[in-house]
Amino acid sequence: MTRVITLGQFIIEKQADFPYAKGELSRLLRDIGIAAKIVNREVNKAGLMDILGKAGSTNIQGEQQQKLDLYADQQFIAALKSGGECCIVASEENEHIIRLDTDVSKNAKYIVAIDPLDGSSNIDVNVPVGTIFSIYRRKSNEGSPGLKDVMQKGTEQVAAGYIIYGSSTMLVYTTGRGVNGFTLDPSIGEFCLSHPNMQIPETGTIYSINEGNYVHFPQSVKDYIKYCQVEDTQTNRPYASRYIGSMVADLHRNLIKGGIFIYPVTSRAPSGKLRLVYECNPMAFLIEQAGGRATNGHQRILELDIHELHQRSPIFIGSKNMVEKAESFNLIQPELQ
Ligand code: P6P
């Protein structure tokens, strides 16, 4: 009988990796795990509650907000506020940063950027959705924390990860020392270590892109898609096309099986669609820690300058060899926002 290691036990055991840690990051990760369990409970019974469907509002991205988007947003903010280890939350669902100014939180040293429920338009059709989070240390303890503490390059992240609410609910995260996956055991209400030291295969046979946008892709992306579709037994082509329309689900599959996920610039989205702070940076940190690669077609995602909180970026992410091959198609430079 292998030993069951819960997320809490794992975090404490790994705390030793951080000689100067006083437990704040451990407690912050615990707070995220707690909110994930609460959101999971609602996602799993969404069909039975008056919590499906549209909330009748739109977010800063101009996207229809689902009731569960708002519920998840509220739960993560509440958990971070009561946990006291985070001073600012930047949420994809909110135009401005949220200052957690309770007596404890206002002096906390961590910032959390979060996409509370990514892929939420899939909820009503029972397709996996996810939460994506990214943790930064405040740039300085001088004065009150603000936008400057949030708009840090991806290389400054101290932790990042996602929760996938799928056939099982998993929390996958990194603190810069590899990637570990935990599966929620509903019978004990704990995330238990199920995927230690996750590594993405160096190459794969899955490409993941919304080919419905084909006519709007730059020629270089069209050329790469055609490369994926050509018969060549030496390189196991044609690849399989898999696109769920939920970034967390598509990337989780590729992390385990190998593959490339692409959301490029299009004529309708000249800077790409996915958000740099809430989606691209955390996923890029995690995939690089798993041995993969993440670029905007030319530059490491993690090294991109942040000009605007809700900035978008094209992204080519996944198995190292596949991303490098895609880049060799001289992919178009995204327009600066
Ligand atoms: P499209 C979901 O809305 C999301 O932000 C990601 O989770 C997903 O990968 C992408 O957008 C899907 O976008 O344009 O293909 O529907």
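Reply: Aspartate 115 touches Glu92, Gly130, Thr131, Ile132, Tyr278 and Glu279 when residues up to four places away in sequence are not counted, where contact means heavy atoms within 4.5 Å. This is a predicted model, in which local features need pLDDT of at least 70 and side-chain atom pairs count only at pLDDT 80 or more, while totals for chains, interfaces and linings use all residues. Residues are numbered from 1 along each chain as its sequence is written, and side-chain values use heavy atoms, with hydrogens and water left out.

Aspartate 115 lies in strand E5; strands (E, at least two residues) and helices (H or I, at least four) are DSSP runs, numbered from the N terminus. Aspartate 115 counts as buried because its relative accessibility is 1%, buried being under 20% relative accessible area, exposed over 50% and partly exposed in between, with a 1.4 Å probe and protein chains only.

UniProt, in an unreviewed entry, places the feature "binding site" at Glu92, Asp115 and Leu117. They span 26 residues in sequence, yet no two of their C-alpha atoms are more than 9.1 Å apart, so they gather at one spot. UniProt positions are given in the numbering used here, with feature names shortened, and such annotations may be inferred rather than shown by experiment.

The unreviewed UniProt entry also has a "binding site" annotation that covers Asp118, Gly119, Ser120, Ser121, Asn210, Tyr243 and Lys273. Aspartate 118 lies in strand E5, residues 110–118, and is buried, with a relative accessible area of 6%. Leaving aside neighbours within four places in sequence, aspartate 118 is in contact with Val129, Gly130, Ile132, Ser246, Met247, Val248 and Glu279.

Some of these names lead on to a pair of helices. Met247, Val248, Leu251 and Leu255 in H6 meet Glu279, Met283, Leu286 and Ile287 in H7. Helix H6 (residues 247–257) and helix H7 (residues 276–289) pack at an angle of about 10 degrees, with their axes 12 Å apart. That makes H6 roughly parallel to H7, because angles under 35 degrees count as roughly parallel, over 145 as roughly antiparallel, 65 to 115 as roughly perpendicular and the rest as oblique. The axes are lines fitted to C-alpha atoms, for helices over the stretch in contact, and the angles run from 0 to 180 degrees between N-to-C directions.

Not counting residues up to four places away in sequence, asparagine 210 touches Phe217 and Tyr243. The side chain of asparagine 210 reaches the backbone nitrogen of glycine 212 at 2.9 Å; a polar contact is a pair of N or O atoms within 3.5 Å, where within protein one must be able to donate a hydrogen and the other to accept it, and residues adjacent in sequence count only if both atoms are side-chain atoms.

An open sheet of 5 strands has the order E12-E11-E13-E15-E14, with mixed pairing, and two strands pair if DSSP finds at least two bridges between them. Its edge strands are E12 (240–241) and E14, each of which pairs on one side only. E11 and E12 pair in the parallel sense over 2 bridges, and isoleucine 206 has alanine 240 in E12 as its bridge partner. H5 packs on this sheet, touching E11, E13 and E15, and its direction makes about 150 degrees with that of E11.

In helix H5 (residues 219–229), Ser220, Val221, Lys222, Tyr224, Ile225, Tyr227 and Cys228 are buried. What covers these buried residues includes strands E11 (206–208), E13 (260–263) and E15 (315–318) and helix H8 (320–327). E13 and E15 pair in the antiparallel sense over 4 bridges, whereas 3 bridges join strand E14 (residues 293–295) to E15, again antiparallel. Glycine 318 in E15 stands opposite isoleucine 260 and is also the bridge partner of arginine 293.
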